[in-house]
Each structure stands twice: as structure tokens, then as C-alpha cells.
Amino acid sequence: MDGIALLEYFLWGVVVVLISLIARRMFSSAPTPVVASKPAPEVKREPIHISTSELAKFDGKDPSLPLYIAVKGKIYDMSRGRSFYGPGGPYAVFAGREAARALGKMSTNVADVENCKIDDLDADEKNTLEEWISKFEAKYGVVGFVTDGMYAHPPGTSGDSKKQD
């Protein structure tokens with residue numbers, strides 16, 4: 001091999017190394033430093049107290065209003081889950097309504113949403129309902145109470161009454 005051939009091999013090697021370094025920088029992202037931030041302070045609001053007819057206004061059809069679902073008289077703000085509970089979502093039938101029976105039965109049947117009684121649910125269905133309630137309280141939180149109907153929580157009550165007709 002003569003000197004020119006060796007120089008050519010050397011230069012090709014340098015080119016390959018440079019291309020690989022450039023490609024690595026372009027296609028790999030440097031780890032973003034994690035900066036600890038303080039969570040936003042939680043604002044304590046007074047719970048709302050609305051009737052079932054007022055609850056119906058919060059069915060997600062008006063995007064300027066929150067989306068509410070009631071379960072055993074407790075109202076949950078489901079606005080963060082609008083794609084699931086709002087118009088066109090798989091659980092839209094629950095929006096703006098009392099959904100205890102339907103949730104316990106794992107049903108999206110309108111008849112189960114319109115019938116609020118849960119005393120005839122079997123043990124598995126009651127357990128399922130309690131699981132839904134735990135999920136809603138952890139993810140969405142209770143924002144108020146329904147003031148009329150089967151699970152009425154009149155203003156000034158703790159919201160823990162279990163009234164059923």
C-alpha cells in the first residue's frame with residue numbers, strides 16, 4: 001500500500017466516526033434534568049348542593065361547565081375525564097345523573113341509570129359499586145351533594161346519609 005491509499009483509508013475512518021457522532025447527537029436526547037416543584041396548593045372549596053334537575057345541566061354538553069356525575073348522592077367533578085364521560089364518550093350516559101345502580105351493574109343501559117335503587121344489587125355488584133366510588137374519590141374527588149331524590153344530602157349534613165326509598 002502506498003501513502004495515498006493509507007491516507008484515504010484514514011480519512012474515510014474519520015468521516016465515519018464524525019457521521020456517527022453527529023447522528024448520535026441528533027437522534028438521542030440528553031436527559032432532561034428533573035427539577036423538584038412544589039405542587040399547587042389545594043384550594044378548599046365549600047361543597048356544592050344541587051338538585052337532580054340542576055345536576056342534569058352538568059352533562060358535559062356545555063364545555064364552559066364542569067361535568068358532574070353523582071354516586072349515592074355524592075357529586076364528582078369528572079371534567080378531567082370528559083373524553084370518557086362527556087358527549088360521545090363510552091360512559092356519557094352517566095353524565096349529569098345519579099349513576100350508582102348502573103356502576104354497580106357495570107351497565108351503560110339507560111334503564112339502569114334511571115333506576116337509582118341499589119338495595120337489590122347482589123354482593124358482587126355492591127362490591128363493584130364501592131370500587132367505583134373509591135376510584136372516583138381518589139381520581140376526581142367529591143365536589144358536592146345532591147339535595148333531593150333517593151340519596152339526598154340536604155345542605156348542612158355530613159354527606160354520609162344512606163337514605164333509600
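This is a predicted model: local features need pLDDT of at least 70, side-chain atom pairs count only at pLDDT 80 or more; totals for chains, interfaces and linings use all residues.
**A sheet, a helix across it, and a buried arginine**

Residues are numbered from 1 along each chain as its sequence is written, and side-chain values use heavy atoms, leaving out hydrogens and water.

Now widen the view. Strand β3 covers residues 74-77 and strand β4 covers residues 142-146. They run antiparallel, joined by three bridges. Strands (E, at least two residues) and helices (H or I, at least four) are DSSP runs, numbered from the N terminus. Two strands pair if DSSP finds at least two bridges between them.

Both strands belong to an open sheet of four, in the order β1-β4-β3-β2, with mixed pairing. At the edges sit β1 (48-50) and β2 (68-71), each pairing on one side only. From one strand to the next, the twist averages 35°.

Next, look at helix α6, residues 123-139. It lies across β2, β3 and β4, at about 50° to β3. Axes are lines fitted to C-alpha atoms, for helices over the stretch in contact (heavy atoms within 4.5 Å). Angles run from 0 to 180 degrees between N-to-C directions.

Finally, find R101 in helix α4 (residues 100-105). Is R101 buried or exposed? R101 is buried, because its relative accessible area is 9%. Buried means under 20%, exposed over 50%, partly exposed in between (1.4 Å probe, protein chains only). A polar atom of the R101 side chain lies 2.7 Å from the backbone oxygen of K117. Beyond neighbours within four places in sequence, R101 contacts several residues, among them D112, N115 and L121.

Key
A polar contact is a pair of N or O atoms within 3.5 Å; within protein, one must be able to donate a hydrogen and the other to accept it, and residues adjacent in sequence count only if both atoms are side-chain atoms.
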